[in-house]
Structures are given as C-alpha cells and as structure tokens.
Amino acid sequence: MDLKDHYDFVIIGSGFGGSVSALRLAEKGYSVLVIEKGKHFRDTDYPETNWNLRKWLWIPALKCFGIQKLTFLRHASILSGVGVGGGSLVYANTLPKPKAAFFNRGSWAGLADWETELEPHYKTAWQMLGATVNPKLAKVIWPY
Ligand SMILES: Cc1cc2nc3c(=O)[nH]c(=O)nc-3n(C[C@H](O)[C@H](O)[C@H](O)COP(=O)(O)OP(=O)(O)OC[C@H]3O[C@@H](n4cnc5c(N)ncnc54)[C@H](O)[C@@H]3O)c2cc1C
C-alpha cells in the first residue's frame, strides 16, 4: 500500500505537536494518518506507583511499555512521554508563558514581535487544555 494514495499527511507521534497538527489538518479537510509507537492508556491503565516499572517506563527490550521514556546521552538526559498523547501522559500540567526576556533573545530575536504574535495562540492553547489558576499558588500569573 502506498500511503501517498490514501493520506494527504502522515504524522509520526501523537504528542502535543503531532496531535494538534493532525487536528488542524483534519479541520481543513485533509486526510491524516497519525502513527504512534506507544500504547493507548485508559484512565485505569496508569500505574499507581512508579515502582510498577512495566507500566511506568518505556523500555521495550525489557518488556516495559509504560508512559515514561528516559534517554541518556553523553551531555544530556532526556525525559519524554510515550503513548497516545505523548508527553501529555506524563507532564506536570503546568502551562506557564515565558517572561518577556525570552521572546527578545536567541536567534529569533528581532524577527518579529513574538510576544504579541504568539499571544492569541497562548490563549487558544490555554482554552483547549482547560488551563485554570491553581488556588494554592501564592503568586497568580494567569490570567493576567
Ligand atoms: C515528566 C515531564 C513533565 C513535564 N511537565 C511539563 C509541564 O508541566 N508543562 C509543560 O508545558 N511541559 C511539560 N513537559 C514537556 C512537554 O511534555 C513536552 O514539551 C511536550 O510533550 C513535547 O511535545 P511534542 O509533541 O514535541 O513531543 P511528545 O509529546 O514527546 O510526543 C512525541 C510522540 O512521538 C512518539 N514517537 C516518537 N518516536 C516515534 C516513532 N518512531 N514512531 C511512532 N511514534 C513515535 C512518542 O511515543 C510520543 O508519543 C514535561 C515533560 C516531562 C517528560
């Protein structure tokens, strides 16, 4: 089967990036295939403790098909999520917006007024992810 004959787009990975891209493309009428290497986790599938290594860690060689992948490189160690939803399965559910300094430095500085440009997209993302203020925080940074 040639995927090109069946799908306009094939997306590898169903994390925040892949799933949102798939949604947007499908909304525009394209046919989209999303390929995800991890499992689909229902509410009842999550491990109650990290000691349940088979359900927590993603190490297929050891028959661990959980939600958390650990990658150790020479100068960096990487945590990432695996499964339908990608990092959303393991992330800490905090949705901060970077401070102004972030938008004005790095290779992207000066190319655009990124803070203004991205503002409506932060609002869309917060709305779609159901962001709300943590009442236990001492300093409220959203909504501002
Ligand atoms: C423990 C933890 C806590 C975090 N807390 C926060 C937080 O509080 N707030 C925040 O904003 N961010 C947080 N993050 C970061 C956030 O989760 C990531 O930035 C985000 O998930 C990245 O999205 P992504 O779409 O780029 O990739 P991912 O969400 O990682 O998705 C990639 C997907 O691709 C799949 N995949 C990879 N290779 C293949 C392949 N060859 N074939 C098929 N599928 C493949 C993976 O299984 C995965 O599902 C946290 C991350 C971790 C690990």
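**Notebook: domains, a hairpin and salt bridges**

I began with the domain layout and found that the C-alpha centres of domain 2 and domain 3 lie 28 Å apart. I note at the outset that the model is a predicted one. For the bounds, I looked up the domain assignment of the protein chain, which gives domain 1 as 1–35, domain 2 as 49–91 and domain 3 as 94–133.

**Entry on strands**

I next examined the pairing of strand β5 (residues 68–72) with strand β6 (residues 77–81). The two strands run in the antiparallel sense and are paired over 5 bridges. I looked up the bridge partner of Leu-70 and found Leu-79, in β6. I then followed the chain from β5 to β6 and recorded a hairpin that joins them through 4 residues.

**Entry on salt bridges**

How many salt bridges does a search of the whole structure find? I recorded 5. As background, side chains of opposite charge can pair when their charged atoms come close. I took several of the pairs in turn.

Glu-27 counts as exposed, at 53% relative accessibility, whereas Arg-24, at 33%, counts as partly exposed.

I then turned to Asp-45, which forms a salt bridge with Arg-42. The closest N and O atoms of this pair are 3.2 Å apart. Is Asp-45 buried or exposed? I found a relative accessibility of 16%, so Asp-45 counts as buried. Arg-42, by contrast, has a relative accessible area of 53% and is exposed.

My next pair was Lys-123 and Glu-119, which form a salt bridge with their closest N and O atoms 3.5 Å apart. I located both residues in helix α5 (residues 114–128), where they stand 4 residues apart, about one turn of the helix. Glu-119 has a relative accessibility of 16% and therefore counts as buried.

**Entry on the network**

Which residues are linked with Glu-119 and Lys-123 in a network of salt bridges? I found Lys-97 and Glu-115, which complete the set of four named residues.

Technical notes
Residues numbered from 1 in each chain as written. Predicted model: local features only at pLDDT ≥ 70, side-chain atom pairs only at ≥ 80, totals over all residues. Heavy atoms only, no water. Salt bridge = Lys/Arg side-chain N within 4 Å of Asp/Glu carboxyl O. Buried < 20%, exposed > 50% of the residue type's maximum accessible area, 1.4 Å probe, protein only. Domains from an automatic or database assignment. Pairing = 2+ DSSP bridges.
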